[in-house]
Amino acid sequence: MADCIFCRIARHEVPSSVVYEDEHVIAFMDIMPAKKGHLLVVPKAHYGALFDVPAPLLAKTAAVLQRCARGVRRGLTAEGLNVLQSNGSAAGQVVDHVHFHIIPRRLGDGLRLDWDHETYAPNEMASFAAKIKEGCEAERSDA
Ligand code: 5GP
Ligand code: ZN
């Protein structure tokens with residue numbers, strides 16, 4: 001997409017600090033890191049969200065994601081890391097080109113990802129599970 005910032009980064013029209021790149025996937029430093037070393041792993045082709053990515057490309061992206069996660073662990077001697085991925089503005093997605101965040105972590109680093117827990121009424125979990133199961137069955141894998 002012409003004016004998508006991640007498409008433009010993938011085409012090297014906009015500068016970024018690239019740490020890995022191949023024909024299909026690019027990984028570059030996030031300019032507003034949650035923690036220093038925060039990385040984005042992005043399929044080069046424009047797909048808005050996880051739902052849209054063809055499974056073979058998603059598999060390639062996942063392989064790069066794992067390699068970069070290992071790279072962050074080794075290169076920064078990270079004690080842990082979070083992989084985050086948001087779909088839709090309701091979920092906090094800001095850039096409308098599917099991407100995975102890798103955020104290096106250290107014990108006691110103060111980054112807050114904690115959320116309050118909801119509790120199910122009796123049988124409510126089973127009802128949610130049944131609806132999701134139905135949804136999964138109605139979707140077909142494009143692998
Ligand atoms: P989202 O909130 O959509 O999951 O994450 C988008 C991420 O992209 C944010 O963490 C933001 O800092 C990063 N970002 C936005 N614009 C640019 C840019 O022009 N260059 C780089 N390297 N990162 C960007
Ligand atoms: Zn794009």
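How many bridges join β4 to strand β5, and which way do the two run? I looked, and five bridges join β4 to β5 (residues 100-105), which run antiparallel. I noted that two strands pair if DSSP finds at least two bridges between them.

**Ground rules.** I am working with a predicted model, where local features need pLDDT of at least 70, side-chain atom pairs count only at pLDDT 80 or more, and totals for chains, interfaces and linings use all residues. Residues are numbered from 1 along each chain as its sequence is written, chains are lettered from A and ligands numbered from 1 in the order in which they are written, and side-chain values use heavy atoms, with hydrogens and water left out.

**Overview.** I found three helices and five strands, in the pattern α-β-β-β-α-β-β-α along the sequence. Helices (H or I, at least four residues) and strands (E, at least two) are DSSP runs, numbered from the N terminus.

**The sheet.** I traced an open sheet of five strands in the order β1-β2-β3-β5-β4, with antiparallel pairing. Its edge strands are β1 (18-21) and β4 (80-84), each pairing on one side only. I also looked up glycine 80, and its bridge partner in β5 is arginine 105.

**Burial.** I saw that buried residues make up 31% of the 143 residues in the protein. Buried means under 20% relative accessible area, exposed over 50%, and partly exposed in between (1.4 Å probe, protein chains only).

**Isoleucine 132.** I found this residue in helix α3 (residues 124-138). Isoleucine 132 counts as exposed because its relative accessibility is 52%.
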